[in-house]
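Please keep the sequence and the structure in view while reading.

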Amino acid sequence: MSGEGKTVCVTGGSGYIASWIVKLLLQRGYTVKASVRDPSDPKKTEHLISLDGAKERLHLFKANLLEEGSFDAAVDGCVGVFHTASPCTHSVKDPQAELIDPALKGTLNVLGSCGKYSSVKRVVLTSSAAAVVYAGRPLTPEVVVDESWFSDQELCERNKLWYPLSKSLAEDAAWNFVKEKGIDMVAINPAMVIGPLLQPTLNASAAAILNVINGSTTFPNSSIGWVNVKDVADAHVQAFEIPSANGRYCLVESVAHYSQLVKILHELFPDLQLPEKCEDDKPFMPTYQVSQEKAKTLRADFIPLKQSIKETVESLKKNLFIQ
């Protein structure tokens, strides 16, 4: 219960990763001020209000990423701020309005609020492996990606990789801001986050699994990193609590091609209708490695991919996303 008597803020509290962070913080005795876009929407709040300790120590605040100063009330009096609020979607009509502005301006607005209150001792920023791996270097089985990699923003823009661009711009701006203002910040860079859902709505990363099992005839020709949401939430809390935590932390349990994912799903759930072929005839995109050396200073052991897939599917079934 190391959080007893301490107040922290979690932005975007109703989101997938944020909900788990709120749950862990309440378990550890913290008082949590969570920002949500619409506190009157039960889909955004009911799963948070029902968490153990929420009645006594959870306070919800209305805030908008694009509104300067709207996080002041949520941040005021907090010793730590977990900034997780940022849109995560891979199909957009207007990338600037739907992804880039909320990620970039939102991060600067939250950090602007943090800069106003001397109570804030550390900010933990939820970035993404998407801000790491698109560095323009070849990704092959021998290559080991680590925290020194930064995605190439021009490459992302050229290839219309709008989500990686939004996360990369936001993280860059955050590092520049905290350096200038003398704010202590740690960034968490998780890969594709899967595992059980606390919120009732479907999030983009769980949808990646759902898309494979909901009658799709093909699977993507893509190799990506995967990590369990419980490991990601725990790493956020550790990044706040461990005094020596610093810089960025890549969180990837393993990198796997979608064909491997389908194989695991087939083993775990033989009754599921799964795609049998790849979406194209090209060679499978190679896998690569991501260093766990730094991450293991926050998180001793990662939940294995097979267990994460099992938990995701069971959670999707429980929430009736799988009929």
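This is a predicted model: local features need pLDDT of at least 70, side-chain atom pairs count only at pLDDT 80 or more; totals for chains, interfaces and linings use all residues.

Thr 126 stands opposite Ile 188, a residue of strand β7. β7 covers residues 185-190, and its pairing with β5 is parallel, over four bridges.

On to the other neighbour of β5. Strand β4, residues 80-83, is joined to β5 by four bridges, and these two strands also run parallel. Two of the partners can be located by name: Val 81 has Val 123 of β5 as its bridge partner, and His 83 has Leu 125 of β5. Between β4 and β5 the chain passes through helix α5, residues 95-115, in a β-α-β crossover that is right-handed.

Because five of the five residues of β5 (residues 122-126) are buried, the strand is largely enclosed by the rest of the structure.

The wider sheet comes next. Strands of a sheet pair through backbone hydrogen bonds, either parallel or antiparallel. Here seven strands form an open sheet with parallel pairing, in the order β3-β2-β1-β4-β5-β7-β11. The edges are β3 (58-62) and β11 (247-251), each of which pairs on one side only. From one strand to the next, the twist averages 20 degrees.

Helix α9 is made up of 13 residues, 229-241. From its first C-alpha to its last it reaches 19 Å, close to the 18 Å expected at 1.5 Å a residue. Is α9 mainly enclosed or open to the outside? Eleven of its 13 residues are buried, so α9 is largely enclosed by the rest of the structure. Among the buried residues are Val 229, Asp 231, His 236 and Phe 240.

The cysteines are the last stop. A disulfide requires two cysteine sulfur atoms within 2.5 Å, and by this rule the count is zero. For Cys 250, the closest cysteine sulfur is that of Cys 156, at 15 Å, which is too far for a bond. Cys 250 counts as buried because its relative accessibility is 3%. Cys 278, at 11% relative accessibility, also counts as buried.

Conventions. Residues are numbered from 1 along each chain as its sequence is written. Side-chain values use heavy atoms; hydrogens and water are left out. The expected span of a helix is 1.5 Å times one less than its number of residues. Buried means under 20% relative accessible area, exposed over 50%, partly exposed in between (1.4 Å probe, protein chains only). Two strands pair if DSSP finds at least two bridges between them. A crossover is right-handed if, with the strands pointing away from the viewer, the path from the first strand over the helix to the second runs clockwise. Axes are lines fitted to C-alpha atoms, for helices over the stretch in contact, and angles run from 0 to 180 degrees between N-to-C directions.
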